[in-house]
Amino acid sequence: MIRFGVRLTVAGGREAVLRLAVMAGAVGLGVWLLLSTLAGVNAVDGQFARFAVLSPQAGAADGPLWWAERNDYYDGRSIQRIDLATTAAGAPVPKGLPRLPGPGEYYVSPALADLIAATPADQLADRFPGRQAGLVGAAALPSPGTLTVIVGSTPDVVSQLYGARRVTAFPTEAPGIPVAALDLILSVVAGGLLFPVLIFIGTATRLTAARREQRFAAMRLIGGTPRQISVVAAVESTVAALLGTAAGFALYLAFRVQLAGIPFTGMPFHPEDVTLGPLMTAAVVVGVPLGAALAARVALRRVRISPLGVVRRVTPKPPRWYRLIPLLLGIAELTFFIGRVPEHSTAQVAVFLPGLLCIMVGLVIAGPWLTMLGARLLARRAQRPATLIAARRLADNPAAAFRAISGVVIGLFVTTVSIGIIQSITAERGAYVDALAASTMVTKFEQDPSDIPAPVLAALASPADVRSVTLIRDNPFTGAGHAGMVSCADLARSPQFGRCADGAAVAWVDGGFMQYRAPHGPGVVWPAAPATEAELAAQPVIEVVVSTDGATATLERTRTALQLAFPGVRIMPATEWDHANDQNSQLAGFQQLAAVIIFASLPIAGCSLAVSVIAGLTDRKRPFSLLRLTGVPLGVLHRVVALESAVSLLAAAVLAIGAGLLGAQLFLTAQMRYNLHPPGLTYSLIVVGGLVLSLAIIAATVPLLRRITGPETARSE
């Protein structure tokens with residue numbers, strides 16, 4: 001029977017070949033997207049494993065290597081700076097370095113080497129003493145564009161740096177993703193992408209299901225056993241799935257490098273990280289054909305029970321209200337964990353991912369019941385033949401009607417959850433920087449010096465593009481609400497930061513003259529502090545604030561000069577723009593994730609809709625042909641098809657959007673204690689555009705309906 005099934009599949013005429021090609025193509029596209037999703041998750045894990053290469057754990061007190069990490073900047077880009085020094089022979093060497101740099105040597109990443117070569121030395125290279133000894137290897141770089149410098153020095157210097165520690169070894173095993181929130185979000189993203197892909201693959205394997213049921217029912221009526229029919233059906237679906245799986249792997253290999261360049265964590269990946277493990281590869285190679293065979297077997301359950309039931313078109317049982325239970329369980333699970341979130345990231349994934357996936361599964365399961373309710377409501381209000389026919393057909397088989405638009409529903413749910421969560425996180429955490437904040441360079445001290453030598457201040461203030469250099473000193477008064485104090489005479493020479501209250505000699509000020517999301521600038525009046533100029537001078541300096549013209553060259557020259565003047569600071573000289581970029585880069589990565597979800601799930605859903613609508617028309621061409629023979633105009637049939645799809649689509653879309661917003665609110669409340677910020681215009685345009693595109697796909701079936709409903713179809717059937 002296997003040989004007969006193969007022959008029937010590949011040599012059953014033009015219709016069989018076309019059916020095989022469409023099924024294989026659809027499965028191939030779905031497998032490609034599935035492989036890309038799995039490889040993307042692996043790439044993220046590999047990227048964070050590279051982060052860990054230069055993040056050793058503190059060792060014994062007599063470890064042979066001093067190690068200090070700091071964050072530097074250039075034009076808004078973050079530079080990872082590591083200072084090290086050996087105290088004895090046998091110091092460990094991290095991956096990516098041929099050896100440890102000695103005093104007066106440094107290693108840089110290829111991207112930083114190119115930047116140093118293209119930049120004047122007083123803006124970048126002068127920060128790194130000595131000579132460039134070589135390049136940092138890819139094993140220690142999370143991304144090809146990572147900026148990293150590893151500077152060799154002496155133990156006396158490195159041991160005095162803030163946060164310096166002694167190291168005995170570097171990690172030898174990849175720890176995976178260390179950030180709980182990102183771990184959780186990536187898991188949700190993977191689930192959100194995989195679900196529409198699996199629906200698409202399932203839809204593709206059900207192409208011309210009704211036609212195959214009729215053909216296999218005829219084989220049963222002439223003596224075929226249920227087992228023989230199951231084998232033939234499984235062979236047909238498996239052949240298409242095998243061809244589609246091979247095509248999917250070919251597409252994945254062809255576009256693997258382009259996938260590595262998508263920065264959906266905020267930075268592109270190394271191509272070698274975009275890979276599939278042996279288990280994933282085997283699971284897809286075996287799972288997709290096996291799933292197709294099982295789907296074919298399930299689809300033929302009526303043929304095995306009663307072939308006459310297929311021929312006579314027995315109406316399936318209507319769906320019941322208990323289809324809502326999985327949807328309600330998912331919502332209840334997320335609600336339960338508000339205020340009860342586990343601390344460990346693995347447990348958080350185990351809590352939130354099943355809840356969101358349960359809602360997605362619940363939408364698919366509850367969809368036919370909701371479609372049936374919409375069909376009954378439509379039938380009560382029907383005033384035209386097309387509306388009545390569409391309503392009766394929807395009520396007759398709501399599961400088949402919803403199956404056509406289930407991919408779109410899941411796409412809308414995933415899009416709503418993603419945008420709702422990520423835009424809310426961005427609104428809560430995002431940093432906003434104006435021109436003043438972007439042009440002000442601040443150096444903060446951990447070990448506050450008593451004063452700054454006058455020649456240093458003069459050198460910092462000498463360039464014409466530097467507007468002012470101001471010292472902020474420690475505030476000894478508790479409860480003042482401000483971090484530091486400043487001389488009003490100095491502040492008068494820096495009016496861009498505001499002014500003192502009338503009559504004050506010393507004023508309380510915020511760090512860098514700016515507080516997070518608080519008003520700042522020339523209109524700010526700083527309150528008077530109960531201190532004299534002499535008492536102010538006795539306080540240690542906590543910050544040096546340099547105001548510039550905001551040009552990149554000026555800022556980087558100032559940054560370099562500050563680093564050379566104060567080489568031991570832990571927090572390198574930076575503007576608020578630099579700090580905001582650090583924070584916003586992660587948020588930008590989350591937004592990239594949202595974009596990936598949207599631009600992957602919605603096209604997948606559109607493909608599922610197109611395949612489902614075409615398959616539905618092909619399966620129903622005989623009833624439509626008979627309606628045309630009885631005098632029903634073609635325009636009425638057009639409206640029937642449009643109403644069947646549009647009613648179920650719009651009703652389920654409302655449910656999917658509502659469930660998505662509710663799921664996002666529950667996730668934000670439980671995990672981050674944020675409130676959902678309503679999605680903006682972009683989300684509205686995406687939703688409206690997705691629905692319009694879906695309706696356009698339905699409208700595009702009009703020419704096909706004309707061709708398949710002619711009189712010859714009724715006679716040939």
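**Burial, helix faces and a disulfide in a predicted model**

Residues 24 or more positions apart account for 81% of the contacts in the protein that have a separation of 6 or more. The model is a predicted one. Its 717 residues include 50% that are buried, and the protein has 26 helices and 13 strands.

Colleague: What makes up the accessible surface of the protein?

Modeller: The total is about 31,700 Å², and carbon and sulfur atoms hold 63% of that.

Colleague: How do you know that Cys488 and Cys500 form a disulfide?

Modeller: The cut-off is a pair of cysteine sulfur atoms within 2.5 Å. The S to S distance of Cys488 and Cys500 is 2.2 Å, so the pair meets the criterion. The structure holds one disulfide.

Colleague: Which elements does the pair link?

Modeller: Cys488 lies in helix 18 (residues 488–492) and Cys500 in strand 10 (residues 499–500), twelve residues apart.

Colleague: Why is this disulfide called left-handed?

Modeller: The torsion about the S-S bond of Cys488 and Cys500 is about -105°, and the disulfide is therefore left-handed.

Colleague: Why is Cys488 called buried, and why is Cys358 called partly exposed?

Modeller: Buried means under 20% relative accessible area, exposed means over 50%, and partly exposed is in between. Cys488 has 11% relative accessibility, so Cys488 counts as buried. Cys500 also has a relative accessible area of 11% and is buried. Cys358, at 24%, counts as partly exposed.

Colleague: Which residues of helix 12 are buried, and what makes them line one face?

Modeller: The buried ones are Pro326, Leu327, Gly330, Ile331 and Leu334. Viewed down the axis of helix 12, they fall within an arc of 140°, so they line one face of the helix. On the other side of helix 12, Leu328 and Leu329 are exposed. An α-helix has 3.6 residues a turn, so residues three or four places apart point the same way.

Colleague: What span does helix 24 reach, and what is expected?

Modeller: Helix 24 has 19 residues and reaches 26 Å from its first C-alpha to its last, close to the 27 Å expected at 1.5 Å a residue.

Colleague: What are the buried residues of helix 24, and what puts them on the same side?

Modeller: Tyr683, Ile686, Val687, Gly690, Leu691, Ser694, Ile697 and Ile698 are the buried residues of helix 24. Around the axis they cover an arc of only 120°, which puts them on the same side of helix 24. The exposed residues on the other side of helix 24 include Leu681, Leu685 and Val692.

Colleague: Which residues touch the most other members of the largest nonpolar core?

Modeller: Phe413 and Leu617 do, in a core of 57 residues. Among the helices that each supply at least two residues of this core are helix 12, helix 15 (398–429), helix 21 (576–619) and helix 24 (681–699). The largest share, 17 residues, comes from helix 23.

Colleague: What does Leu617 touch, not counting residues up to four places away in sequence?

Modeller: Leu617 touches Phe624, Val641, Thr701, Leu704, Leu705 and Ile708. A second, separate core has 20 residues, including Val31, Leu35, Ala241 and Leu259.

Colleague: What makes the phi of Asp75 worth a remark?

Modeller: Asp75 has a positive phi of about 50° although it is not a glycine. Asp75 sits in the loop between strand 1 (65–74) and strand 2 (77–86). At 43% relative accessibility, Asp75 counts as partly exposed.

Colleague: And is Phe513 buried or exposed?

Modeller: Phe513 has a relative accessible area of 1%, so Phe513 is buried. Phe513 too has a positive phi, about 60°, without being a glycine. Its place is in the loop between strand 11 (506–509) and strand 12 (525–526).

Colleague: Why is Ala483 called partly exposed?

Modeller: Ala483 has 42% relative accessibility, so Ala483 counts as partly exposed. Ala483 is in the loop between strand 8 (466–474) and strand 9 (484–487). The residues that Ala483 touches include Arg473, Val509 and Ile542. Ala483 and Gln515 are 32 residues apart in sequence and 9.9 Å apart in space, C-alpha to C-alpha.

Terms used. Residues are numbered from 1 along each chain as its sequence is written. This is a predicted model: local features need pLDDT of at least 70, side-chain atom pairs count only at pLDDT 80 or more; totals for chains, interfaces and linings use all residues. Side-chain values use heavy atoms; hydrogens and water are left out. Helices (H or I, at least four residues) and strands (E, at least two) are DSSP runs, numbered from the N terminus. Buried means under 20% relative accessible area, exposed over 50%, partly exposed in between (1.4 Å probe, protein chains only). Contact means heavy atoms within 4.5 Å. Accessible areas come from the Shrake-Rupley method with a 1.4 Å probe; for residues, only the protein chains shown count as cover. The arc is that of the directions from the helix axis to the C-beta atoms. A nonpolar core is a set of buried Ala, Val, Leu, Ile, Met, Phe, Trp, Tyr and Cys residues joined through side-chain atoms within 4.5 Å. The expected span of a helix is 1.5 Å times one less than its number of residues.
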